[in-house]
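Student: I have a structure open and would like to go through it with you. Could we start with one loop and then move on to the rest?

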Amino acid sequence: MSWTIKDNKRIGLVGPNGAGKTTLLRVLTGEQEIDEGSIQLGGSSLGYLRQEAEEANIDQSVIEEALSAFEDVETLEVREKAILSELDRETDHTTDRYEKLLHDLDDVHHALHAADAHTAKPRAESVLMGLGFEAEDLERPLSTFSGGWRMRVALARLLLKAPDVLLLDEPTNHLDIDSIAWLEAYLKAYNGTIVIVSHDRYVLDRLVTTTAEMANAGVNEFAGNYSFYLTERVLQREIQRSGYVNQQKQIAEAEKFVERFRYKASKAKQVQSRVKTLEKLERIVEPESDGASISFRFPAPTRSARSVISLSTFSKVYPSEEGPIEVFRNADSLIVERGNKIALIGRNGAGKSTLARILGGTEPFEGERRVGREVDINFFAQHTADTLDPRDTVMEAVQRAATGQSETEIRSILGAFLFRGDDVFKPVKVLSGGERSRVALAKTLVAPANFLILDEPTNHLDIRSIDVLIGAMQQYSGTFVVVSHDRHFLDQVATEVWRAEDGGVTVYPGTYSEYRWHLERQQGALENGTPKVRATKRKKEKKPQPEAAAVAEAVAEETDRPGASDEALAKYASMNTFNLRRLFEKTEASILKAEEAKSAIETKLSDPSLYGDESASQEATKAYDEVRVTLEDLYEKWESLSEVLGGRKR
């Protein structure tokens, strides 16, 4: 294979498990030797974040380890102190040596200024806190943190070092949902090249501008994000499959001719010609089958009572050597109703898994838990893998939980979770922790239940397996609560978001995208000094609000929704009806024109020949993004105008 990584690219390196993504990153860093060929760095500095934790001085504090990224600054500061010490000892200020020391000190100061030495500690603190550390954590030694938190420190150190090329292997694995969002924003503004391996579709869609697919022992680039790649891959594979089929026909015909006339003297010339053609032929590789075509359905659940699980006002405190750790404090009552599809999110340590166990009935707490009639609970968490019988094979472990599924169906489900071929006959005792977790997940999903509690079900799955799980959960007719930091997964399956924070739970109706919209509106309202949009706060009861404040909040709730900003409504409300209608009609015409332009660009983007010219494909992609943004603005304007006109008709 050959591959060139260009400057200032945002590259998503994708491919099925075992395709060689991690191996390729290790080859680029020189950690993995190659059998033949060469690697040219072109003077660029490389930074590599591995999946596993790197060795570090665990006696150092978090901030000290992060600041070790500025080794050059530390060297310069030591040199500065040494020069100042020599200057103090030099009594004759007219000597050449004294003048040289002054020049050296000036050079050091220039170098420190260029490295922004005075901002090193504030920058380190900012990055660490963006990755989820609290201010009081920064002086704690690394030895007091788990492997996941040490990985965050390693990531912070790498970001602060700011190499020309960042190689990131699953950087979101140990981050919570807030830290992932922070990292995504940080990487968008990063001044350098990024190559990222990730199963987080949100990151690959919102950050990546080039997708590099590892397939057939090579790399094939697509000039767009992951969603763009998925569409283009289908087109390219159709073209490749057509070429493969046609070539196979030609090969078969040539081989048949050679076999038929091999020993006929009059045809010797033609036979030799075909033999040489076959030897020189550049064979088209058969396209790989798409694992995403695998699917499964949950067993049909029985109908439960309308109220599946209800919690009274509740609290949860864990004892520790440092004192009691309060996770929930007089949190308001919660209810899970039949058919709810709930995403449970929050920062690490906010109580997501604790609440999942409380709902599942496996965690004692202060409060009351009521389970509705005919409710059958299935609970998956990472520790569920410990309950597997090590003597079972993978197939036997899942068959024990299955009800009515055939062996073929179970093999299909296991295939979706990366157990293919003879892998299903491996004994559980030889599996890795991640493999056991996938077996436990498959076992949970084949058992009939009308209420599922899933704690981080996507942790050990690749993108295709996550897509299979998404399809199954979208078709599931029961009720579920799912804890996950995978934003794409949550956006596809959940219709309600519960956020654990500050000792309580806030409930947001709608998808994850709508939850993000609520947060952005709240932030905007706070910055503008207007009342924020109110979500349902499942926490201790608030004091009654003054009447004026309650009225203001009610007004904010009525008007603060997509397409009807306060500024827009105020602007259009001041127009007379005639001008308002003219603007409305003009906006509709603009929408029609923009939709036609969008359709034309989509047709252009669907033409495979476009991607032979990288600049043309990038230009078309940029034009598509621009017209899409224009349409969003026009739709918002149209909705605001509709609302004002509708109010006048009433």
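**A loop, a sheet and a cavity**

Tutor: Let us begin with His383, which is located in the loop connecting β13 (377-380) to α12 (394-401). Please keep in mind that this is a predicted model.

Student: Why does His383 count as partly exposed?

Tutor: His383 counts as partly exposed because its relative accessibility is 46%. The category covers values between the buried cut-off, under 20%, and the exposed cut-off, over 50%.

Student: How far is His383 from Arg436 in space?

Tutor: The C-alpha atoms of His383 and Arg436 are 9.8 Å apart, while the two residues are 53 residues apart in sequence.

Student: And where is Pro390 found?

Tutor: Pro390 also belongs to the loop between β13 and α12. Its relative accessibility is 39%, so Pro390 counts as partly exposed. From C-alpha to C-alpha, Pro390 and Arg436 are 9.8 Å apart, with a sequence separation of 46 residues.

Student: Which residues does Pro390 touch, leaving out those up to four places away in sequence?

Tutor: Pro390 touches Pro427, Val428 and Lys429.

Student: New topic. What is the strand order in the open sheet of 6 strands?

Tutor: The order is β2-β3-β4-β1-β5-β6, and the pairing is mixed. At the edges are β2 (46-49) and β6 (218-222), each of which pairs on one side only. On average, neighbouring strands of this sheet are turned by 20° against each other, with direction ignored.

Student: What holds paired strands together in general?

Tutor: Strands of a sheet pair through backbone hydrogen bonds, in either a parallel or an antiparallel arrangement.

Student: In which sense do β3 and β4 pair, parallel or antiparallel?

Tutor: Strand β3 (residues 165-169) pairs with strand β4 (residues 193-197) in the parallel sense, over 5 bridges. Within this pair, Leu168 has Ile196 in β4 as its bridge partner.

Student: What about β5: how many of its residues are buried?

Tutor: In strand β5 (residues 210-215), 6 of the 6 residues are buried, so the strand is largely enclosed by the rest of the structure. Both of its faces are covered. Thr210, Ala212 and Met214 are buried on one side, and Thr211, Glu213 and Ala215 are buried on the other.

Student: Which strands does β5 pair with?

Tutor: Strand β1 (residues 10-14) pairs with β5 in the parallel sense over 4 bridges, and Leu13 has Ala212 as its bridge partner in β5. With β6, β5 runs antiparallel, and 5 bridges join the two. Here Thr211 stands opposite Phe222 in β6.

Student: How many residues lie between β5 and β6 in their hairpin?

Tutor: There are 2 residues between them. In the turn, Asn216 has a positive phi of about 55°.

Student: Let us turn to cavities. How many are there of 30 Å³ or more?

Tutor: The structure holds 3 cavities of 30 Å³ or more. The largest cavity has a volume of about 60 Å³.

Student: Which helix gives the most to the lining of that largest cavity?

Tutor: Helix α6 (residues 147-161) gives the most, contributing 4 residues. The lining residues include Leu49, Arg152, Glu170 and His174.

Student: Finally, how many helices and strands does the chain have?

Tutor: The chain has 21 helices and 18 strands. Of its 650 residues, 44% count as buried. The accessible surface comes to about 34800 Å², and carbon and sulfur atoms account for 48% of it.

Definitions and conventions: Residues are numbered from 1 along each chain as its sequence is written. This is a predicted model: local features need pLDDT of at least 70, side-chain atom pairs count only at pLDDT 80 or more; totals for chains, interfaces and linings use all residues. Side-chain values use heavy atoms; hydrogens and water are left out. Two strands pair if DSSP finds at least two bridges between them. Axes are lines fitted to C-alpha atoms, for helices over the stretch in contact, and angles run from 0 to 180 degrees between N-to-C directions. Buried means under 20% relative accessible area, exposed over 50%, partly exposed in between (1.4 Å probe, protein chains only). Accessible areas come from the Shrake-Rupley method with a 1.4 Å probe; for residues, only the protein chains shown count as cover. Contact means heavy atoms within 4.5 Å. On a 1 Å grid over the protein atoms alone, a cavity is a set of points where a 1.4 Å probe fits but cannot get out, and a pocket is an open set with protein on both sides within 12 Å along at least five of seven lines; lining residues have an atom within 4 Å of a point. Grid points are joined across faces, edges and corners, and a volume is the space filled by probe spheres set on the points.
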